[in-house]
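This report describes a sheet and the strands within it. The sequence and the model are shown first.

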Amino acid sequence: MNLETLDWDDELLTLFDIPRQMLPTIVPSSSPEPYGLTLADGPLGGEVPLTGALGDQQAATVGQVCFAPGEAKNTYGTGNFMLLNTGTDLVRSKAGLLTTVAYKFGDADAVYALEGSIAVTGSAVQWLRDQLGIISGAAQSEVLARQVADNGGVYFVPAFSGLFAPHWRSDARGAIVGLSRFNTNAHVARATLEAICYQSRDVVEAMEADSGVHLEVLKVDGGITANALCMQIQADVLGVDVVKPVVAETTALGAAYAAGLAVGFWKDTDELRKNWLEDKRWQPAWTDEQREAGHAQWRKAVQRTLDWVDVS
């Protein structure tokens with residue numbers, strides 16, 4: 001799809017030898033004209049009109065009511081996906097991010113976003129459990145990491161399959177650096193949580209470089225948000241408030257919002273904003289000196305992971 005015309009791109013259709021007539025019609029994310037109906041004898045008990053259609057991360061962005069330029073959400077799963085609303089401006093990234101359509105409601109102009117994908121975040125915690133065996137479950141990572149006041153100089157870059165946004169280095173591999181005789185498994189657990197947060201900061205900095213907008217608050221969702229220490233570290237690393245909503249299933253919620261807007265269940269996005277409720281907020285506790293010193297060490301650790309695999 002051509003991001004400017006919101007239609008199939010003739011040049012790419014020709015390049016890949018794809019007949020236009022075999023492709024579906026591109027429709028808005030929220031449409032009063034139903035895309036179709038559910039089965040009459042299906043689980044919904046009748047023919048229910050389908051009026052909302054959003055991709056996974058776009059739906060989470062709508063569920064987090066990130067409707068204004070500069071608003072961003074971060075979904076923490078096996079990997080991380082962060083989207084920044086850039087409004088109706090199509091911002092071409094020069095800092096290693098993807099430009100995408102966030103949503104298009106009815107006849108209104110399309111709203112665009114910058115997206116940063118991080119390959120390994122929650123799966124790094126799984127690695128502590130399944131490969132290293134130093135925790136028995138994801139929740140124990142917080143308990144173990146709280147046994148130490150800081151990372152003890154240890155940095156863990158979980159580049160198990162290379163680094164995604166904003167680096168895009170397939171030659172990188174994971175590394176734990178800064179180890180001394182003093183360090184324990186608690187420092188490794190703490191470094192793992194910090195790795196999730198530092199990777200997110202790298203994406204935030206790329207977004208700010210591309211958009212020129214300084215992030216004021218980060219809305220978060222996904223499994224790792226249950227880890228209060230990790231979310232506190234995220235606030236400390238970014239230097240902005242991190243906010244979690246009452247309804248954690250933001251992807252499903254965003255799809256429902258889009259459908260509800262189409263049929264008038266909700267009047268407008270202002271009503272959706274009022275429907276969004278804050279559950280918990282983490283505020284930065286680190287000083288600027290702590291924040292920048294930690295990030296400088298993180299950048300050094302990232303450099304140690306590069307050029308490990310010979311990529312032809």
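## Terms and model

Two strands count as paired if DSSP finds at least two bridges between them. The strands themselves are DSSP runs of E, at least two residues in length, numbered from the N terminus. The model is predicted.

## The sheet

The sheet is open and has seven strands, in the order β5-β6-β4-β3-β9-β10-β11, with mixed pairing. Its edges are β5 (98-103) and β11 (278-282); each has a single partner strand, so one side of each lacks a neighbour in the sheet. From one strand to the next, the twist averages 30 degrees.

## Partners of β6

Strand β6 covers residues 111-118 and runs antiparallel to β5, to which five bridges join it. Two of the residue pairs here are T99 with L114 of β6, and L98 with E115 of β6.

Strand β4 (residues 80-87) also pairs with β6 in the antiparallel sense, over seven bridges. In this pairing I118 of β6 stands opposite N80.

## Burial of β6

In a regular strand, side chains alternate between the two faces of the sheet. Buried here means under 20% relative accessible area. Because eight of its eight residues are buried, β6 is largely enclosed by the rest of the structure.

Technical notes. Residues numbered from 1 in each chain as written. Predicted model: local features only at pLDDT ≥ 70, side-chain atom pairs only at ≥ 80, totals over all residues. Heavy atoms only, no water. Helix = DSSP H or I, 4+ residues; strand = E, 2+ residues; numbered from the N terminus. Axes fitted to C-alpha atoms, helices over the stretch in contact; angles between N-to-C directions. Buried < 20%, exposed > 50% of the residue type's maximum accessible area, 1.4 Å probe, protein only.
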